[in-house]
Amino acid sequence: MSNKKQKIAPWPTLAAAGITPPSATAGSGGGGGGGLFDDLPEAAADTCEVKKKETVPEVKKQVTEVRCLHLLKKHTGSRRPSSWREKVITRSLEEATYRLKELRKGIAEKASPQERQAEFEKLARKESDCGSAAEGGSLGKFGRGKMQPAFEEASFRLEVNEMSGVVTTDSGVHIILRLE
């Protein structure tokens, strides 16, 4: 007997158990030696194409109420061609529309939403033919079915801090600034 100590693996291997792994007999150069992973294919570094990041479309919450300011110019064809400013309104639809467009230009020139709102309120107090002029054209919050259809549609279509173009109703011509 020899005094040499035999090195023993801390776990049993196929070779120690007297089993010849298939890779050793098949000649598959998978590393030999009876390792656990000898029959597995070599690892390959496959990469997949990264797709362009797709954004999930934002779902808009259904708007049930809006808060708007408006500036009204009545004309001879308005439902009631009189206002707190004039007993009898004699301007034509074209004149009312032109004047409203001029007022809108002055408001749109303002840089920030706060400046546009302040200018809108100032002009509404001075120029609007609606009783809301005393409140800077404020109509407060309102829901669907409360205003004339064209006015309502324009109000609900606007984004917050967006100003409409000229909107025509039975009352006259308006510009609208949505606040909420």
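**Group meeting: salt bridges and a helix pair**

Hi everyone, let me start with Glu-86, which is partly exposed, with a relative accessible area of 22%. Please keep in mind throughout that this is a predicted model.

Which residue does Glu-86 pair with? Its side chain meets that of Arg-91 in a salt bridge, at 2.6 Å from N to O. Arg-91 has a relative accessibility of 14%, so Arg-91 counts as buried, the cut-off being under 20%. Glu-86, at 22%, is partly exposed.

Now, this pair does not stand alone. Salt bridges that share partners join Glu-86 and Arg-91 with Arg-85 and Asp-129 into one network. Within that group, Asp-129 and Arg-85 have their side chains in a salt bridge, 3.0 Å from N to O. Where do these two sit? Asp-129 is in the loop between α3 and β2 (138-143), while Arg-85 is in the loop between β1 and α2, so this pair ties together parts that are 44 residues apart in sequence. As for accessibility, Asp-129 is buried, with a relative accessible area of 3%, and Arg-85 is partly exposed at 30%.

How many salt bridges are there in the model? The count comes to twelve.

Let me move on to the helices. In general, we describe two packed helices by the angle between their axes and the distance between the axes. For helix α2 (residues 93-108) and helix α3 (residues 113-127), the angle is about 150 degrees and the axes are 9 Å apart. That makes α2 roughly antiparallel to α3, because angles over 145 degrees count that way. The crossing of α2 past α3 is right-handed.

And what meets what in this contact? From α2 we have Arg-99, Leu-103, Gly-106, Ile-107 and Ala-108, and from α3 we have Arg-116, Glu-119, Phe-120, Leu-123 and Glu-127. By type, the residues of this contact are five nonpolar, four charged and one polar.

Conventions: Residues numbered from 1 in each chain as written. Predicted model: local features only at pLDDT ≥ 70, side-chain atom pairs only at ≥ 80, totals over all residues. Heavy atoms only, no water. Axes fitted to C-alpha atoms, helices over the stretch in contact; angles between N-to-C directions. Helix = DSSP H or I, 4+ residues; strand = E, 2+ residues; numbered from the N terminus. Parallel < 35°, antiparallel > 145°, perpendicular 65-115°, else oblique. Left-handed = near helix turned anticlockwise from the far one by under 90°. Contact = heavy atoms within 4.5 Å. Nonpolar A, V, L, I, M, F, W, Y, C, P; charged D, E, K, R; others polar. Salt bridge = Lys/Arg side-chain N within 4 Å of Asp/Glu carboxyl O. Buried < 20%, exposed > 50% of the residue type's maximum accessible area, 1.4 Å probe, protein only.
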